[in-house]
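Work through the following exercises with the model in view, trying each task yourself before you read its solution.

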Amino acid sequence: MKVKTTKTLCPICNAILEGAITEEGGSIWLERSCPEHGFFRNLYWSDAALWHKFEQYDSVGRGVENPNVENPPGNCPENCGLCSSHKSGTLLANIDLTNRCNLDCDFCFANARACGFVYEPSFDQIVGMMQMLRSQKPVPAPAVQFSGGEPTMRDDLMELIRKAKEIGFPQVQLATNGIKMAQDIGMVKDLKAAGLSTVYLHFDGVTKETNSKLKSDEKAVKNCEEVGLGVVLVPTIIKGRNDHETGAIVRFAADHIKAVRGVNFQPISFTGAAVEEDMQRERITIPELLQGIEDQTGGVIRESDFYPVPCVVPFSDLVETYTGMPQVRFTPHQHCGAATYVFITDKGMVPINRMVDVESFFRSIENLTEKLKKGGQLNKYMSLIEGIREMNDSFKKSEQGSTAQFWKLIGKTLVMQNFDALREFHWNALFIGTMHFMDRYNYDIGRVQRCCIHYATPDGKLIPFCTYNSGPVYREKVWSTHRK
Ligand code: SF4
Ligand code: SF4
């Protein structure tokens, strides 16, 4: 049964095709026919009920006011960069600092060894990319992440982090294998002093079978804990390889809550040399991942605790209405990812859903925004107080009743405009999220057009993650054009 139509690509020749999203046997499938290569049907989401629940959170963004490229609708993903048809602004911008690496992983296609050349933009080119990102309208990109290859191979990394702060990025991140950070606590101190906000640590498991650099990762996390630098663990999840350790990874994160702020699970996407048999054997979709977390945490964290990323759009609306200023909007496609927060307490892990009836909480945020829109300046505080009372009801409806900690956060943030409260919140809570990057077997142009994670390139473009690394794979062209 067809549930939706979309645009997609032929997995062989990348021709733009009409796609049908269908439901059958309790799963969701992507179907399309290429005039040259025939019919293809691939798994999109393994749980149709969860797909429908997430579908309700569809929220299309407003794009950017100053796109880098003009592109007629229907041409995506040709002439990418960020184009006039793109529907979301940049939330997180990746900048590949180098394709050199200090590991030699067999599966890696994104390194100098596999490419046969070095890609390494100059300091000035990187500064240009960052300035372009901060000039995005109506909202400058709030976060930059240095990636690679292995970005710690750059001698000017500290200078680049300092420059990113100077240019105005509130959030500066580093995606790393953590090898150098494990070896040298002095370097971790320097990263923190330069202004780094968070380390995105590639971390595939808690045993030596799933994670060949486990000892190094543990040391890197310990060094970050000593220095007070936040870490997000980033496991690539492969069915049959490490999907049995998702619960243990969450527990590892909870045990290291002083440093670890979150886990960002990435179900494997089959790019590079991967073939269809690899995909059939190792594919894991978001619902299977979430079910695995539920099973492996003994039901402490449930699949139903997770929400799609655009669920937080009502918060942006509220702050926009309250302040009159355009805000960052979390509008990736509703089927790109899922997330929740888990509080680490003396009694163990408590998902936020046990503290708040999330759905009625979102409704009260929407009601409050409506009231503020109608209320005018004079009634602003009255509306706020009334709205917060309504929000409190969503705490009462939750399983564990009103929670002082969360209540305090909402009060401080909304009434007193104290956004430090959010920082406090993050230190007590663990973010657990997942994003399923696409590959040729599940490529949905409807998703990539809404992407909020973009790569900046030396020629002044912004390429969404899933066209940079898959589909047309702009990475190859960018790297080879700007090779050293
Ligand atoms: S992915 Fe976005 S920026 Fe790229 S071509 Fe499509 S709509 Fe344009
Ligand atoms: S990176 Fe891919 S999976 Fe993530 S938001 Fe962008 S299009 Fe969706």
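A residue is called buried if 20 or more other C-beta atoms lie within 10 Å of its own, exposed if 12 or fewer do, and partly exposed in between, with C-beta atoms placed from the backbone. The model is a predicted one, in which local features need pLDDT of at least 70, side-chain atom pairs count only at pLDDT 80 or more, and totals for chains, interfaces and linings use all residues. Residues are numbered from 1 along each chain as its sequence is written, while chains are lettered from A and ligands numbered from 1 in the order in which they are written.

**Exercise 1.** Find where Val473 lies, and decide whether Val473 counts as buried, partly exposed or exposed.

*Solution.* Begin with the chain: Val473 lies in the loop between α17 (465-468) and α18 (474-481), where helices (H or I, at least four residues) and strands (E, at least two) are DSSP runs numbered from the N terminus. Next, look at the backbone, where phi of Val473 is near 50°, a positive value in a residue other than glycine. Finally, count neighbours: Val473 is partly exposed because it has 17 C-beta neighbours inside 10 Å.

**Exercise 2.** Which kind of peptide bond runs from Cys76 to Pro77, and which kind joins Gly81 and Leu82?

*Solution.* The bond from Cys76 to Pro77 is cis, with omega near 5°, and Pro77 belongs to the loop between α1 (48-55) and β5 (92-96). Gly81 and Leu82 are also joined by a cis peptide bond, with omega about -15°, and Leu82 is found in the loop between α1 and β5.
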